[in-house]
Amino acid sequence: MNQPISQASAIHGFDELDGDTLHEECGVFGVLGHPDAATLTALGLHALQHRGQEAAGIVSFDGLRFHSERRMGLVGDHYTDPATIARLPGNISIGHNRYSTTGEVALRNVQPLFAELEVGGIAVAHNGNFTNGLTLRRQLIAGGAICQSTSDTEVVLHLIARSRYSSTADRFIDAIRQMEGGYSMLAITRTKLIAARDPTGIRPLVMGELDGKPVFASETCALDIIGAKFVRDVENGEVIICEIQSDGSISIDARKAGNGQPERLCLFEYVYFARPDSVVGGRSVYVARKNMGINLAKEAPVEADVVVPVPDGGTPAALGYAQESGIPFEYGIIRNHYVGRTFIEPTQQIRAFGVKLKHSANRAMIEGKRVVLVDDSIVRGTTSLKIVQMIREAGAKEVHIRVASPMIYYPDFYGIDTPDAEKLLANQYDSLEAMCRFIGADSLQFLSINGLYRAVGGEDRNNARPQFTDHYFTGDYPTRLLDKDGETMGRKVSLLTSNG
């Protein structure tokens, strides 16, 4: 699952050169029946940029033909150009931000993917990962299918094409019933916008309304940017089919394609991935993160002079920690948001600057003080080590790390790019004290799993039936892992090398 260092990964930031940052796979956005569909989609993708920075794509339909613009890089690099938007006419559109967890970084893998089928054209984009995607791909290829990408989204297109149902909507439902894992998915045809969410509800998807037209997005922040009204969450295992009728009205048909199991949203949406101004599963992400800090202060107090967040993810939790502990909150670390666009191909000498390229110590708030550093998570610990060293060099008397989530022990197979289990900090040392020595802090404490559950859902974890997806902390995977169990998860798919 780990990607080699490339131009695209270098753009993300220098702590990621060490594989010490988690990545969500992508974000999706779609609108039906609006004359500015492509413009709205570009704005929505801009709001979802945090979910994927490698590439972005938009497909529209103008009543006669489909139009596709897919580009490597950020949304703002391409879709602010009026000429680009002019090449995406029509009142139906879907878009996608990508960070690859399966498939190489190449233009052919940039979504939405389009196919011309017997029933007409269809474009598909999804967020998440199919845990049987490679298994199904192998079966399709054995049956004569030709795959042009390494994205498992292409598997969905093949399954739709091979379905025996007559309507596109029924074919789509037939296809996703064969997929396992965690995903939210959008598709467009000549008259339809189809939204779907996995039966477990691991990945989020919301429905909105703008000028009476349906809008779908990975997060509510994408609705906010276009002034759309939030209608509801797409339910786990639900497929919503929106279709333009002959009189111009739009019908909405909601069906259940899943097996009726309870929803288990991914906890890392609250810990790390979702934007703090989003509402996920009816819960404010900002409030949940602040609650994590409050609970962390209760569980792991320490005598200190100042609470400092590791920006930007640790800021709400640090505010909560400071509020509960009574220790003053200060911005002791300043983040440089532009470093990734400054050094596209970093040399080894530039990499040696390490974390200082992205974070700078605010000496005036740190020197001579006992510092509590609050971070949202620790993956491999290499970034934490560099930050502690930087804080000490700025004159801190003591450095205490408090992490607003539990230790990560297990890899993810639902769309989060995590290192192999043996590379995770929690699996490299046999005690908290050993981890602390490696990082170089005076103390190190993590939020408990129940502390996290109470911060998000208000109650302890139900071990018999967990309320959330939390396998990276507990090893309790909510679905079968067919590719992994069949030793195909993470296996490279042979493909022609391309500069595209």
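In this predicted model, helix α5 (residues 133-142) and helix α6 pack at an angle of about 50 degrees, with their axes 10 Å apart. That angle makes α5 oblique to α6, and the crossing of the two helices is left-handed. On the α5 side, the contact is formed by Gly133, Leu136, Arg137 and Leu140; on the α6 side, by Glu154, Val155, His158, Leu159 and Arg162. Sorted by class, the residues of the contact of α5 with α6 comprise four nonpolar, two polar and three charged.

Helix α6 (residues 153-162) also packs against helix α7 (residues 168-176), at an angle of about 125 degrees and with the axes 8 Å apart. This angle makes α6 oblique to α7. The crossing of α6 and α7 is right-handed. Here Val156, Leu159, Ile160 and Ala161 of α6 meet Arg171, Phe172 and Ala175 of α7. The residues of the contact of α6 with α7 are divided into six nonpolar, no polar and one charged. Leu159 of α6 takes part in the contact with α5 and in the contact with α7.

The axes of helix α10 (residues 285-299) and helix α11 come within 6 Å and cross at roughly 45 degrees. This crossing angle makes α10 oblique to α11, and the crossing is right-handed. From α10, the residues in contact are Tyr286, Arg289, Lys290, Gly293, Ile294, Leu296, Ala297 and Lys298, and they meet Pro316, Ala317, Leu319, Gly320, Tyr321, Gln323, Glu324 and Ser325 of α11. By class, the contact of α10 with α11 has eight nonpolar, four polar and four charged residues.

The table below sets out the geometry of these helix pairs.

| Helix pair | Angle between axes | Distance between axes | Handedness of crossing |
|---|---|---|---|
| α5 and α6 | about 50 degrees | 10 Å | left-handed |
| α6 and α7 | about 125 degrees | 8 Å | right-handed |
| α10 and α11 | roughly 45 degrees | within 6 Å | right-handed |

The next topic is the cavities. The structure holds three cavities of 30 Å³ or more, and the largest cavity has a volume of about 60 Å³. The residues that line the largest cavity are Val310, Leu373, Val374, Asp375, Ile378, Ser384, Ile387, Val388 and Ile401. Strand β21 (370-375) and helix α15 (382-393) each supply at least two residues of this lining. By class, the lining of the largest cavity consists of seven nonpolar residues, one polar residue and one charged residue.

The backbone also deserves attention. Most residues other than glycine have a negative phi, and most peptide bonds are trans. Against that background, the peptide bond from Gln111 to Pro112 is cis, with omega near 0 degrees. Pro112 lies in the loop between β5 (92-98) and β6 (113-117). Pro311 and Asp312 are likewise joined by a cis peptide bond, for which omega is about -5 degrees. Asp312 belongs to the loop between β18 (306-309) and α11 (315-325), and α11 is the helix that crosses α10.

Finally, Asp211 is not a glycine, yet Asp211 has a positive phi of about 55 degrees. Asp211 is placed in the loop between β10 (206-210) and β11 (213-217).

Key:
Residues numbered from 1 in each chain as written. Predicted model: local features only at pLDDT ≥ 70, side-chain atom pairs only at ≥ 80, totals over all residues. Heavy atoms only, no water. Axes fitted to C-alpha atoms, helices over the stretch in contact; angles between N-to-C directions. Helix = DSSP H or I, 4+ residues; strand = E, 2+ residues; numbered from the N terminus. Parallel < 35°, antiparallel > 145°, perpendicular 65-115°, else oblique. Left-handed = near helix turned anticlockwise from the far one by under 90°. Contact = heavy atoms within 4.5 Å. Nonpolar A, V, L, I, M, F, W, Y, C, P; charged D, E, K, R; others polar. 1 Å grid on protein atoms, 1.4 Å probe; cavity = no way out; pocket = protein on both sides within 12 Å on 5 of 7 lines; lining within 4 Å. Points joined across faces, edges and corners; volume = space filled by probe spheres on them.
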